[in-house]
Amino acid sequence: MPVVNKAMLMRLYSSLRKRFGYLDWWPGETRDEMIIGAILTQNTSWKNVEKAIARLKGNGLLELSKLSSANIGMIEQSIMPSGFYRQKACRLKGLAAYITSNYKNLDDFFSSETQELRKELLSLDGIGNETADSIILYAAGKPVFVIDAYTKRIMKRVYGIDENMEYEELQKLFMNALGDDAPLYNDFHAQLVELGKNYCRKKPLCAGCPARKLCNFARHPQTH
Ligand code: SF4
């Protein structure tokens, strides 16, 4: 496996940051909204999530305490634009009910040690690695690096990292290199998403890409 160290990752981060500026993620006003958004964004674009969040807000359901006792049909109807709405409505209601019935509030829920909190979230229905880590990093402010499809694609193209590498292995690569730094993880992930959306798409737009000078793929496209 190619060696990727802190200096290499920080060069990538700096070049993205220079282009995109500080991105101030997660796009959500409250921690409840961030948790809800982390579930809604499963298998869909953020545009659809925004529509679902606006409808939840309009129906007074953008709070975990409200979702936990809401009629499931009402939740389904509100989040329809996000797709998989039946499944996601169950997940939202289930997570909201779990937190509100087992904890005094979100501070209480987030008070456990990071890996314990991660295990607890992963034990809940419909919460996988990316959703759990988005909640831990963005809503709880604890240091875990979020890996998504953009991250995998960019790491493959820029550094030649195997795209099929296990989620936790790739996560370790970032976390071992960068150390526990929640604010850096927060903005680094946001920068990778911006790069993936605007340049490193399935069909890459390498001309003008801020990572071009660092990228294996851009240097040797014929070998990929
Ligand atoms: S140079 Fe091309 S392949 Fe490399 S990160 Fe940018 S868009 Fe992706």
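Tutor: We begin with a definition, in which buried means under 20% relative accessible area, exposed means over 50%, and partly exposed covers what lies in between. Please keep in mind that the model is predicted.

Student: Why is Ser 15 called buried?

Tutor: Ser 15 has a relative accessibility of 18%, and since buried means under 20%, Ser 15 counts as buried. Its place is in helix H1, residues 6–20, and, leaving aside residues up to four places away in sequence, Ser 15 touches Pro 210, Ala 211 and Leu 214.

Student: What makes Thr 131 count as buried or exposed?

Tutor: Thr 131 has 6% relative accessibility, and because the cut-off for buried is under 20%, Thr 131 counts as buried. This residue lies in helix H9, residues 129–139, where, again not counting residues up to four places away in sequence, Thr 131 touches Ala 38, Ile 39 and Gln 42. Thr 131 and Leu 40 are 91 residues apart in sequence, while their C-alpha atoms are 9.5 Å apart in space.

Student: Which class do Asp 24 and Phe 84 fall into?

Tutor: Asp 24, at 54% relative accessibility, counts as exposed, because exposed means over 50%. Phe 84 has a relative accessible area of 48%, a value that falls between the 20% and 50% cut-offs, so Phe 84 is partly exposed.

Student: How do you know that the size of the chain agrees with a compact globule?

Tutor: For 224 residues, a compact globule would have a radius of gyration near 17 Å, and the chain has 18 Å, which agrees. Along its principal axes, the C-alpha trace spans about 55 × 35 × 30 Å, and buried residues make up 46% of the 224 residues. Among contacts between residues at least 6 apart in sequence, 63% join residues at least 24 apart.

Student: How many helices and strands does the chain have?

Tutor: The chain has 13 helices and zero strands.

Student: Where does the ligand sit, and which residues surround it?

Tutor: The space taken by the ligand is the largest cavity. The elements that give two or more residues to the shell around the ligand are helix H10 (149–159) and helix H13 (216–219). Among the residues surrounding the ligand are Arg 157, Val 158, Tyr 199, Cys 200, Phe 217 and Ala 218.

Student: What makes a residue of that shell nonpolar or charged?

Tutor: Val, Tyr, Cys, Phe and Ala are among the kinds that count as nonpolar, whereas Arg counts as charged. By that rule, the shell around the ligand divides into ten nonpolar, no polar and two charged residues.

How values were computed
Residues are numbered from 1 along each chain as its sequence is written. This is a predicted model: local features need pLDDT of at least 70, side-chain atom pairs count only at pLDDT 80 or more; totals for chains, interfaces and linings use all residues. Side-chain values use heavy atoms; hydrogens and water are left out. A residue is near a molecule or strand if one of its heavy atoms lies within 4 Å of it. On a 1 Å grid over the protein atoms alone, a cavity is a set of points where a 1.4 Å probe fits but cannot get out, and a pocket is an open set with protein on both sides within 12 Å along at least five of seven lines; lining residues have an atom within 4 Å of a point. A molecule sits in a cavity or pocket if more than half of its atoms lie within 2 Å of its grid points. Helices (H or I, at least four residues) and strands (E, at least two) are DSSP runs, numbered from the N terminus. The radius of gyration is taken over C-alpha atoms; the globule rule is 2.2 Å times the number of residues to the power 0.38. Buried means under 20% relative accessible area, exposed over 50%, partly exposed in between (1.4 Å probe, protein chains only). Contact means heavy atoms within 4.5 Å.
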